[in-house]
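Okay, everyone, let's get started. Have a look at the model on the screen while I talk.

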Amino acid sequence: MVAELVPQPPPLVGCLDVLEEVLDSMAVDAYASLDPVLRRSAAERLRRLKARITAHELAAVRALDAGLGDRARTGDLLARGFGRDTYEANRTVRVAKTLSSAPRTEDALAAGDLAEPQAAVIAGAMDNLPDDVTPAQRDACETTLIADAKRFPIKDLRQRALRITDVFKPPAEAAVDEDQALRLRERRAWGRTEMWMVDDHDGTWRFAGRLPSLQAEMLKTSLDAIAAPRRRHLTAEQEREQDELTYTQRMGRAFAHLVEHLPVDQLPTTGGTPALVTVNIDLEDLKSQAAAATLTTGTRISHTELRRIACNQGILPMVLNGAPLPIDMGRSKRLFTPAQRIAIANRDHGCVAPGCEAPPGWCEAHHWRTDWAHGGTTNINDGTLLCSRHHHQAHNEAWQFRQHTDGHIQTKTPHGIWQTNHRWRP
């Protein structure tokens, strides 16, 4: 009989097994049986244990990343492995790598003396220290910040980190370092600024994003001002409704009100068109006071909502079959006027190229009958909307245009057939 050596797991893996066994033996509903003093102590100890485990997690992630050599790939692996979102996984990789420049901070995290957000702030500050800092100065900065973390809230710690070089520099020089660090942070912030919106098709849209600190503070201040209850102007019923709203509901409504009151006359124009949303309704429907209306984009709104926003400067009511706009310019002007662009947008709803989904705000007005330089006129029936790409194609490839009997503009490429953009038009 030949004895076989059974490979033993490394001690670290055995420790993780023990940790899992201990957690398996702890019932999560047992804390309710503790007295208040023990509950508080348990919560505090668990937070420290969480910080210590986080230190090991970050060290393991850093080792994994070093083996892969690709941060994005490491983040993807973490996101898939434990069902976490990719952004959080990439952030973990980022913090893990930054901690390599702050060994004292990592030790404090592993000892449970720091929370993970505090460690991330300190590690980031150490990573951004000027190149001419000596090892002794680095140690002084890190030691000071670790001590400050025990005294200051996280927001104050971030501000303190920007001025950490005043530990070894005169105040004037430290102020210069702070300004340089702020400029670097602001440049990075603009690089990370983003926003996305998606229509949930239930009457609401979802949106999220990231703003630089200055613009975020400006937005939050404006929203807080709108969301704050103005008791003097509220009826008893409105006051009760306000009291029932959560903070997030108040801020959501405040954001909607802010959008409605944007100074659109000060916003950039797109292809000569101001940033206006038109609300279109037939004259007879308007008189009936019961029919829905249509936005430029095709979205339908109720008659009640139409009446509510009718006076908003960012909304232009357009009554069809009513008094005409001054839109016929003949040969007096080459460019279409804002009023003409708005009227054309309400007919075309965007780029008329088949299959193109570019909205009116992304389009340019095109003289489809006869180019202005060749004697064409700048009247509404002579214009149509094309996105920049299709506008260039139309000129370069000599597209043909015609108006269908339903009033919509059709296009034809040199070797194609007459086609219509079949976007839905109510």
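This is a predicted model: local features need pLDDT of at least 70, side-chain atom pairs count only at pLDDT 80 or more; totals for chains, interfaces and linings use all residues.

Residues are numbered from 1 along each chain as its sequence is written, and side-chain values use heavy atoms, with hydrogens and water left out.

Helices first; they and the strands are DSSP runs numbered from the N terminus (H or I, at least four residues, for helices; E, at least two, for strands). Helix 2, residues 36-68, packs on helix 5, residues 103-110, at about 135°, and the axes are 7 Å apart. Axes here are lines fitted to C-alpha atoms, for helices over the stretch in contact, with angles from 0 to 180 degrees between N-to-C directions. That makes the pair oblique, the label left over once under 35 degrees is roughly parallel, over 145 roughly antiparallel and 65 to 115 roughly perpendicular.

Who touches whom? From helix 2 we have Ala51, Arg52, Ala55, Leu58, Ala59 and Arg62, and they meet Glu106, Leu109 and Ala110 of helix 5, contact being heavy atoms within 4.5 Å.

Now the second largest pocket. It is lined by 41 residues, and Asn128, Arg158, Arg185, Arg188 and Arg192 lie nearest its centre. A pocket is an open set of points on a 1 Å grid over the protein atoms alone, where a 1.4 Å probe fits, with protein on both sides within 12 Å along at least five of seven lines; lining residues have an atom within 4 Å of a point. Helix 9 gives the largest share of that lining, eleven residues.

Finally, the hairpins. Strand 1 (194-199) and strand 2 (205-210) run antiparallel, joined by six bridges; pairing takes at least two DSSP bridges. Valine 198 sits opposite arginine 206, and in the five residues between the strands, histidine 201 has a positive phi near 60°. Strands 9 (400-403) and 10 (409-412) are antiparallel too, with four bridges. There, glutamine 403 partners isoleucine 409, and glycine 407 takes a positive phi near 95°.
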